Amino acid sequence: MELSKRYQPADVEAKNYRFWEEGDYFRASVGVVGKVPFSIVIPPPNVTGRLHMGHALNNTLQDVVIRYRRMVGDEACWFPGTDHAGIATQNVVEKDLAKEGTTRHQLGRDAFVARVWDWKAKYGSEIIDQLKALGCSCDWSRLRFTLDEGLSKAVRHVFVRLYEEGLVYRGEYLVNWCPRCRTALSDLEVGHRDVDGGLYYIRYPLEKGGCLTIATTRPETMLGDTAIAVHPQDQRYQHLIGTYAILPILGRRLPIVGSESVDPEFGTGTLKVTPAHDPVDFEIGKKEGLESINILNGDGTLNEAAGPFAGMEREAAQRAVVERLKADGALEKIEPYRHAVGHCDRCDAAVEPLLSTQWFVRMRPLAEKAIAAVKDGRIQFVPERWTKLYFDWLENIRDWCISRQLWWGHRIPVWYGPDGREFVAETEEEAAARARKHYARSVELRQDEDVLDTWFSSWLWPFSVMGWPEKTEDLATFFPTSFLLTGFDILFFWVSRMVMASLCFMDDVPFRTVYITPLIVDDKGQKMSKSKGNSVDPIDLIGEYGADALRLAMAQTTGKGRTVRMPWGDLTEGRNFLNKIWNMARFVLMNLGDERPALPDQISWFEDRYILRRLSETTEAVRKNLEEYGFHLAVETLYGFTWHDVCDWYVEMAKPRIAAGDPVVRGVLYHLLRETTKLLHPFVPFITEEIWQALGEAPASVCVASYPSSSPRDPDESDVWAMTAFQGMTGGVRSIRAEWNVPATAELRVVVKADPRGPIAPVVERLETCASLTGPVEYDLAPDAIAPKGSARVVLQDLEMYVPLAGVIDLDSEAARIKKELSEMKTELDRSETKLSNEQFLKRAPEDVVEKERAKQAEFRQKRDRLQANLSSLGG
RNA sequence: GGGCGAGUAGCUCAGUUGGGAGAGCAUCCGGCUUACAUCCGGAAGGUCGCAGGUUCGAGUCCUGUCUUGCCCA
């Protein structure tokens with residue numbers, strides 16, 4: 001196969017993905033004897049969404065893991081799927097309708113839902129295609145969607161069971177209401193941020209004369225006030241408890257109550273109590289048995305309870321109320337005030353606390369088991385610090401509002417009889433049957449209008465994708481899953497809820513290891529978002545750098561803390577690295593032609609043994625890094641080995657031998673290429689598959705080849721010594737050429753002070769190779785060689801080199817160079833000697849550390865003396 | 001207010017049981033050496049935020065502090 005000079009990702013990516021799909025390499029089998037199952041469920045992306053950097057990161061890492069496990073011989077299965085994403089998807093389609101000048105209400109529920117299904121059919125595969133473009137080796141035969149019949153059944157089953165166990169209930173509580181989405185939200189779906197507003201001081205007349213000034217950030221909610229509260233120990237107001245005030249404008253009588261919840265320091269120390277529109281007030285209202293007056297409609301306008309302000313929009317109503325208070329002389333003052341306001345995660349509208357009837361899940365009993373599962377080590381977080389946050393949330397958990405006033409989602413499986421009685425059942429038939437039994441006749445049932453929170457289906461994902469509640473072979477083989485990888489932004493939304501659901505319904509943990517990825521931010525450290533226009537499209541990056549380069553960049557973001565800047569540099573580096581790999585393959589194949597030599601048994605040259613040892617060390621390190629999920633370390637290891645050890649040194653040293661027809665070097669080179677290709681595959685699947693095809697090796701795809709194992713040969717210190725000497729000798733000559741501007745073509749004589757029959761003998765046999773790396777050189781070796789006049793000097797650990805450069809070299813500069821080296825060496829030596837003269841160190845440090853320090857000291861001394869001698873003999 | 005992360009070379013960041021400070025990019029110098037200029041060779045660049053403490057020994061552990069980012073309330 002002919003390989004192009006440059007690696008062209010576009011030529012190989014789509015082609016090789018097709019090859020994998022046609023070969024069905026990603027399909028996992030159940031019940032395979034002798035294979036360890038390893039499973040991952042994908043965090044399901046929104047079905048109508050597009051790939052973003054978070055997906056690119058998460059799915060790259062999951063793919064690295066699953067490809068690695070597949071290659072080490074596990075029965076690896078990555079379960080893919082998409083999420084129906086209730087509010088998000090409904091909003092997208094509603095926006096579309098708005099463009100057509102219509103609304104979902106005009107369309108009607110059934111037509112609207114049909115419209116969303118159309119949308120899903122049209123765009124739902126886009127995200128899947130994008131995952132494929134990234135190289136994800138999901139088992140597509142197991143693709144699921146959270147609104148599939150099977151998964152919907154799981155949802156209904158769970159709802160009914162929780163209802164029967166008393167863990168699901170319906171009630172009137174204060175919830176977060178998004179007036180834009182016109183639905184209730186859970187606490188998690190609300191983000192708080194500080195907003196500039198005002199603190200309004202309003203005078204409430206007292207029934208027995210005088211008035212009370214109350215500070216509030218929401219003057220318009222006074223229309224729903226049903227009491228006034230003061231701190232029971234507050235000397236200023238204590239005496240008013242039990243008396244009444246009059247609500248301005250509306251003239252309602254408000255009891256004055258005492259409550260510990262009032263902060264005497266805030267404002268005037270008095271609180272207007274609006275139980276229907278504030279969480280604190282709601283609690284006070286419950287305790288004091290106060291009336292709750294809801295003044296809002298679902299769309300955020302004021303309702304008839306607001307009297308003259310009915311029908312006004314919230315902001316307009318606030319202005320109107322303030323104007324009216326001013327006119328009535330009831331407004332004392334307005335101070336600028338910055339305070340936290342909740343906003344809808346999905347549409348960013350300010351959220352209203354609103355009293356309404358919703359369905360809830362009682363979380364505490366579920367949370368207790370979930371805490372225990374992590375405490376006793378059945379689930380482990382990586383990095384470990386996330387466990388604390390997990391515990392904090394679960395320990396302070398509140399009930400989960402699961403009903404949403406949307407149309408797109410799982411309809412709540414509750415039917416109401418004519419008298420409003422609830423019949424909770426998995427199917428309408430069952431509900432009808434129960435109703436018939438209850439009423440002793442057939443009655444008309446009305447299903448609850450609401451749908452369930454999207455996360456109510458996602459929390460079942462690790463087992464619902466495997467067919468639960470049916471008893472399937474997938475469940476028997478792949479549950480619990482081995483590994484979960486996701487961003488910390490859905491630690492509460494998803495991860496902890498999956499643990500709760502799984503312990504509750506499966507009586508087991510959903511996964512054993514949870515890997516939490518960092519968040520990718522832009523190059524200024526800002527969160528990426530569509531509205532800010534600073535988000536990066538991974539698909540564009542794939543087009544520009546190639547999918548494998550993107551994957552390398554993603555793998556390198558791990559280990560960096562909670563956030564990581566957009567790794568532009570790593571993308572370029574990755575692209576360059578791929579080109580390097582490509583050309584290494586090209587070089588080897590170019591020289592081998594059709595030959596596929598085996599690794600020779602007899603290896604006589606030190607560089608061969610050295611590089612094979614490095615391969616073994618690299619293999620071991622990469623395996624360790626992958627087992628411990630240190631993705632960035634694995635990439636760094638592979639990068640250094642491939643680029644520097646193999647390409648810069650081994651391949652360069654191999655060139656003269658190839659020219660000379662040395663069969664051993666061909667065998668070693670081929671071995672290196674094949675093993676490196678396999679080692680790299682989990683990270684860069686596309687390019688390695690392309691190379692694998694060019695090799696023509698078995699198995700047919702590298703993705704099912706077995707991952708290399710380290711086979712540590714006997715550590716031969718003499719090979720390491722020889723390689724170090726070799727690198728020192730070539731490096732020394734290169735330095736001198738660069739330092740004194742000696743052209744690469746000019747021949748140099750190099751006098752080496754070393755015994756050619758000593759340890760350096762293996763290098764002496766390779767002097768030709770040395771010269772091929774440094775330009776023409778004539779070597780003279782002698783144990784007692786003396787530096788010729790006007791020589792540049794190189795002092796290595798065990799030898800010295802002199803390069804006569806009379807007329808070229810400037811002795812002062814050369815002296816300065818050696819002096820600098822000498823002074824560095826003296827510093828090192830000082831440190832070492834101080835340490836060794838410290839009795840405490842000798843007494844307390846471990847023996848091997850002391851031994852090592854002694855060796856260093858000897859080495860430094862020797863080198864210092866050599867440098868000193870060279871410096872003084874420089875002139876003569 | 002509580003919690004967490006980050007502060008190491010000009011920039012972006014590695015540095016896993018505490019034991020001679022690293023990479024990539026950028027910079028400077030020299031090379032189109034027939035695998036690769038997405039390349040090769042050479043060089044320069046750091047009191048590891050600050051102050052204490054533990055230790056024979058601290059970038060690494062502890063305490064405090066400053067700067068910065070995020071999450072929760």
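In which loop does Pro469 lie?

Modeller: Pro469 lies in the loop between α14 (461-464) and α15 (473-478). Helices here are DSSP runs of H or I, at least four residues, and strands are runs of E, at least two, numbered from the N terminus. The model is predicted, so local features need pLDDT of at least 70 and side-chain atom pairs 80 or more, while totals for chains, interfaces and linings use all residues. Residues count from 1 along each chain as written, chains are lettered from A and ligands numbered from 1 in written order, and side-chain values use heavy atoms, without hydrogens or water.

Back to the proline. The peptide bond joining Trp468 to Pro469 is cis, with omega about 10°. Val382 and Pro383 are also joined by a cis bond; there omega is about -10°. Pro383 sits in the loop from β15 (380-382) to α11 (386-395). Ala440 is another backbone feature: it is not a glycine, yet its phi is positive, about 60°. Its place is the loop between α12 (428-439) and β20 (446-447). Most residues other than glycine have a negative phi, and most peptide bonds are trans.

Of the RNA strand B atoms within 4 Å of the protein, 65% belong to sugar and phosphate.

α19 (568-592), α21 (631-659), α24, α27 (811-836), α28 (839-844) and α29 (847-872) each give at least two residues. By class, the residues near RNA strand B are 13 nonpolar, eleven polar and 24 charged. Ala, Val, Leu, Ile, Met, Phe, Trp, Tyr, Cys and Pro count as nonpolar; Asp, Glu, Lys and Arg as charged; the others, Gly among them, as polar.

Helix α24 (residues 717-739) also packs on α20 (residues 606-627). Their axes (lines fitted to C-alpha atoms over the stretch in contact) are 9 Å apart. The angle is about 105° (N-to-C directions, from 0 to 180 degrees). The two helices are therefore roughly perpendicular (65 to 115 degrees). From α20, the residues in contact (heavy atoms within 4.5 Å) are Phe606, Glu607, Arg609, Tyr610 and Arg613. They meet Glu717, Asp719, Val720, Ala722, Met723 and Phe726 of α24. This contact of α20 with α24 has six nonpolar and five charged residues, and no polar ones.

Note on methods: Parallel < 35°, antiparallel > 145°, perpendicular 65-115°, else oblique. Near = heavy atom within 4 Å.
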